[in-house]
Amino acid sequence: MSDPGNYAGSTDRSIGQLVASATAEMSALVHDEIALAKAEVRQDVKRGAIGGIAFVAAGVFALFSIPVLSFAAAYGIHNLGLGLAWSFLIVGVAFIALGGLLAFLGIRKFKKVKPPEKSIASAKQTAAVLQKAKPHPRPSIEAAAIIERSAVSGSSLAKKDVEGGSGRDKAGSVARSST
């Protein structure tokens, strides 16, 4: 038989039980969301890897096609009536001219590259603001008050520390590190 106190729709549950139930459900929801995100990322990584491999394979085939197309162009020019040596020379000079043109365009684009002035100015402005900022002062907590509060709450760790005599030192270090 089911316990009516464990039923989610029961009105007899206390606030503590409702909070515990909501906390457990939120925890389960967060864990499920994390698992879903992991699965989606894993699937996207797999797709990205397959796409990257496809691009590499396409690049390899394109690279292998260059000599074949070069020979085809040279023999095509040879069929127009020029000697075979002149045909290959024309194709070679065309490749050199194409390479020179691409190098010229690359150098021209590199000369236009400038430092990210807006980002540098923003970073300098942020640094100037942060240098002027002062940390918010926190009131220091007396070590004795911490020990007293821990002892009153009945914490077994606090009792152990107080009985061992090291409670004051630990509480004092906590108070000093929190300022």
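This is a predicted model: local features need pLDDT of at least 70, side-chain atom pairs count only at pLDDT 80 or more; totals for chains, interfaces and linings use all residues.
Numbering runs from 1 along each chain as its sequence is written, and side-chain values use heavy atoms, with hydrogens and water left out.

On the secondary structure side, there are 6 helices and 0 strands, giving the pattern α-α-α-α-α-α along the sequence. Helices here are DSSP runs of H or I with at least four residues, strands are E runs of at least two, and both are numbered from the N terminus. Of the 179 residues, 8% count as buried, where buried means under 20% relative accessible area, exposed means over 50%, and partly exposed is in between (1.4 Å probe, protein chains only). As for contacts (heavy atoms within 4.5 Å), residues 24 or more positions apart account for 32% of those with a separation of 6 or more.

### Helix α1 and what follows

Helix α1 covers residues 15–79, and its 65 residues should span 96 Å at 1.5 Å a residue; the end C-alpha atoms sit 93 Å apart, which agrees. The expected span is 1.5 Å times one less than the number of residues. There is a bend of about 30 degrees at I66, with a proline, P67, following within four residues. That bend is the angle between axes fitted to the seven residues ending at a position and the seven starting there. Just after α1, G81 takes a positive phi of about 120 degrees.

What about helix α3, by the way: does it lie in the open or under cover? Its 16 residues (117–132) reach 23 Å from first C-alpha to last, close to the 22 Å expected at 1.5 Å a residue. The number of buried residues in α3 is 0, so it lies largely in the open.

The model has 1 salt bridge, defined as a side-chain nitrogen of Lys or Arg within 4 Å of a carboxyl oxygen of Asp or Glu. D44 pairs with R47, and their closest N and O atoms are 3.9 Å apart. Both partners lie in α1, 3 residues apart, or about one turn of the helix.

A nonpolar surface patch of about 1200 Å² includes V56, F64, I66, F95 and L105 among its residues. Helices α1 and α2 (84–111) are the elements giving two or more residues to that patch. Patches are built from residues with over 30% relative accessible area and no salt bridge; like charges are joined within 9 Å, and nonpolar side chains (Val, Leu, Ile, Met, Phe, Trp, Tyr) within 5 Å.

### A few residues up close

| Residue | Relative accessible area | Class |
|---|---|---|
| D44 | 48% | partly exposed |
| R47 | 53% | exposed |
| V56 | 57% | exposed |
| S70 | 13% | buried |
| W86 | 56% | exposed |

V56 lies in α1, and S70 has its place in that helix too. Leaving aside neighbours within four places in sequence, which residues does S70 contact? They are V91 and F95. W86, for its part, is in α2, and its C-alpha is separated by 8.5 Å from that of A74, 12 residues away along the chain.

Technical notes. Accessible areas come from the Shrake-Rupley method with a 1.4 Å probe; for residues, only the protein chains shown count as cover.
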